[in-house]
Amino acid sequence: MNLELLQLLLLIIIANGAPILIRVLLKDKYKCPIDCGKHFVDTRRILGDSKTWRGALGACVVTSASAWLLGYAAEIGLLIATYAVVGDLASSFIKRRLGMQSSAMAPLLDQVPESLFPAVMMKATFGLNMLSLILLIIAFIIIELMLSQTLYKWGIRKRPY
């Protein structure tokens with residue numbers, strides 16, 4: 001893997017991990033669901049309680065700062081976080097339509113959109129080709145599943161996946 005690919009992977013991991021760490025630090029403070037508790041036409045929640053403005057904004061701030069520390073413009077981090085959050089929200093929306101509870105495990109659906117969206121959208125910025133995109137997504141899936149287990153054991157994550 002080249003350096004740009006590794007840096008993009010790191011920033012995607014940061015974008016997806018920041019909301020979890022912010023939840024641990026802030027507990028229930030400033031917890032406001034993005035869907036405001038609303039239900040879709042199927043009577044299920046649109047996204048669920050675990051998708052909050054605090055997490056989305058936190059991902060944007062932390063990833064922007066991390067990108068800047070890596071030598072990129074903060075705007076690059078903001079874009080990566082935005083695309084990762086959109087991917088995460090899309091998977092949550094789909095999971096609610098499938099009748100899955102908030103934070104229920106859905107292998108690949110939980111990892112692919114939140115890594116695929118930012119990887120594809122930032123492909124040109126980071127000079128990636130199709131093989132690089134595939135490697136990044138596979139690496140993200142493996143790392144996220146391993147980190148999830150570790151964070152659960154440490155009491156940071158609510159569920160072990």
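Is Arg 45 buried or exposed, and at what relative accessibility? In this predicted model, Arg 45 counts as buried because its relative accessibility is 19%, and the cut-off for buried is under 20%.

**View 1. Salt bridges around Arg 45.** Arg 45 pairs with Asp 49 in a salt bridge whose closest N and O atoms are 3.0 Å apart. Asp 49 is partly exposed, at a relative accessible area of 40%. Shared partners join Asp 35, Arg 45 and Asp 49 into one network of salt bridges. Between Arg 45 and Asp 35 the closest N and O atoms are 2.7 Å apart. These two residues sit in the loop between α1 and α2, 10 residues apart, and both are buried.

**View 2. The salt bridge between Asp 42 and Arg 44.** Here the closest N and O atoms lie 4.0 Å apart. Asp 42 is partly exposed at 26% relative accessibility, and Arg 44 is partly exposed at 36%. The whole structure holds 6 salt bridges.

**View 3. The largest pocket.** The space in this pocket is about 1000 Å³. Its lining has 47 residues, and those closest to the centre are Asn 16, Pro 19, Ile 20, Lys 51 and Arg 157. Helix α1 contributes the most to the lining, with 10 residues. By class, the lining comprises 20 nonpolar, 11 polar and 16 charged residues.

**View 4. A nonpolar surface patch.** Val 86, Leu 116, Phe 117, Val 120 and Met 121 make up the patch, with about 390 Å² of accessible area together. Helix α4 (residues 112-121) gives the most, 4 residues. Leu 116, in helix α4, is partly exposed at a relative accessible area of 31%.

Methods
Residues are numbered from 1 along each chain as its sequence is written. This is a predicted model: local features need pLDDT of at least 70, side-chain atom pairs count only at pLDDT 80 or more; totals for chains, interfaces and linings use all residues. Side-chain values use heavy atoms; hydrogens and water are left out. Patches are made of residues with over 30% relative accessible area and no salt bridge: like charges are joined within 9 Å, nonpolar side chains (Val, Leu, Ile, Met, Phe, Trp, Tyr) within 5 Å. Accessible areas come from the Shrake-Rupley method with a 1.4 Å probe; for residues, only the protein chains shown count as cover. A salt bridge is a side-chain nitrogen of Lys or Arg within 4 Å of a carboxyl oxygen of Asp or Glu. Buried means under 20% relative accessible area, exposed over 50%, partly exposed in between (1.4 Å probe, protein chains only). On a 1 Å grid over the protein atoms alone, a cavity is a set of points where a 1.4 Å probe fits but cannot get out, and a pocket is an open set with protein on both sides within 12 Å along at least five of seven lines; lining residues have an atom within 4 Å of a point. Grid points are joined across faces, edges and corners, and a volume is the space filled by probe spheres set on the points. Ala, Val, Leu, Ile, Met, Phe, Trp, Tyr, Cys and Pro count as nonpolar, Asp, Glu, Lys and Arg as charged, and the others, Gly among them, as polar.
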